[in-house]
Amino acid sequence: MEHNLNIGMEFKIERVVTDEISAESIGSGQFAVFATPSMIMIMEQAAEKAVRSGLAEGFESAGMVVNVEHIAATPIGMKIEVRAVLKEIDGRRLVFDVEARDEREIIGRGVHERVIINKERFMARVNSK
C-alpha cells in the first residue's frame, strides 16, 4: 500500500448559502443563517477531496475529529469558501487546517482529523454489527 500524500495538499469548495444548509432548516438553531453543522460538513468534504487522489486503490479517508469554531454568521444568499489544507501525516492519521470565509470575513476555522482506512475491511467490520 503506497499512498501519494504530501503536506500542503488542499481543496477549496465555493458555494452559496441556501435555506437547505441554514440553522433553521436543519434544526440546529432558529436563525436563517449558515448552520454550524453545515459548515463542518463542507470542511470535511474539502478535506476528503484534498487527499482522495493520493490514496492507494481500495483506501479512503474517514473523519474522526473535528475541532472548529464558528465565529461569524453568514446570511442566506451570500457566497462562502471553505478550504482544507493537509498539515500533518502521522501514519494513517491525517490532520488538516480548515477555514471558512464568506464575502466579508473569516467565519470559521479549526482542525479536522481523518484516518486512512481500507474500504473492504472497514465495511466488513461495519456489516458485522
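A polar contact here is a pair of N or O atoms within 3.5 Å; within protein, one must be able to donate a hydrogen and the other to accept it, and residues adjacent in sequence count only if both atoms are side-chain atoms. This is a predicted model, so local features need pLDDT of at least 70 and side-chain atom pairs count only at pLDDT 80 or more, while totals for chains, interfaces and linings use all residues. Residues are numbered from 1 along each chain as its sequence is written, and side-chain values use heavy atoms, with hydrogens and water left out.

**View 1. Ser 61 and its polar contact with Arg 114.**
The side chain of Ser 61 reaches the side chain of Arg 114 in a polar contact of 2.8 Å. Ser 61 sits in strand β2, residues 59-70; helices (H or I, at least four residues) and strands (E, at least two) are DSSP runs, numbered from the N terminus. With a relative accessible area of 9%, Ser 61 is buried. For the accessibility labels, buried means under 20% relative accessible area, exposed over 50%, and partly exposed in between (1.4 Å probe, protein chains only).

**View 2. His 112 and the backbone of Val 65.**
His 112 belongs to strand β5 and is buried, at 1% relative accessibility. A polar atom of its side chain lies 2.8 Å from the backbone oxygen of Val 65.

**View 3. The whole chain, for orientation.**
The chain has three helices and five strands, in the order β-α-α-β-β-β-β-α from the N terminus on. Its C-alpha trace spans about 45 × 35 × 20 Å along the principal axes. Of the 129 residues, 37% count as buried.

**View 4. Strand β3 with its partners β1 and β4.**
Two strands count as paired if DSSP finds at least two bridges between them. Strand β1 (residues 10-16) and strand β3 (residues 79-90) pair in the antiparallel sense, over seven bridges. On the β4 side (residues 93-102), ten bridges join β3 to its antiparallel partner. β3 and β4 form a hairpin with two residues between them, and Gly 91 in the turn has a positive phi of about 65 degrees.

Side chains of opposite charge can pair when their charged atoms come close. The cut-off used here is a side-chain nitrogen of Lys or Arg within 4 Å of a carboxyl oxygen of Asp or Glu, and the structure holds twelve such salt bridges. Asp 90 and Arg 93 meet in one of them, at 3.3 Å from N to O. Both ends are partly exposed: Asp 90 has a relative accessible area of 43%, and Arg 93 one of 22%.

**View 5. Arg 101 and Glu 99.**
Arg 101 forms a salt bridge with Glu 99, and their closest N and O atoms are 3.7 Å apart. Arg 101 is partly exposed at 34% relative accessibility, and so is Glu 99, with a relative accessible area of 28%.

Glu 48 and Arg 52 are four residues apart in helix α2 (residues 36-52), so about one helical turn separates them. Glu 48 is buried, with a relative accessible area of 14%, whereas Arg 52 counts as partly exposed at 46%. Leu 5, from the segment before β1, is 47 residues from Arg 52 in sequence and 9.2 Å away in space, C-alpha to C-alpha. Leu 5 is buried too, with a relative accessible area of 14%.

**View 6. The largest pocket.**
The largest pocket has a volume of about 180 Å³. Eleven residues line this pocket, and the closest to its centre are Arg 92, Ile 116, Ile 117, Asn 118 and Arg 121. β5 (106-118) and α3 (119-127) are the elements that give two or more residues to the lining. A pocket is defined on a 1 Å grid over the protein atoms alone, as an open set of points where a 1.4 Å probe fits, with protein on both sides within 12 Å along at least five of seven lines; lining residues have an atom within 4 Å of a point. Grid points are joined across faces, edges and corners, and the volume is the space filled by probe spheres set on the points.
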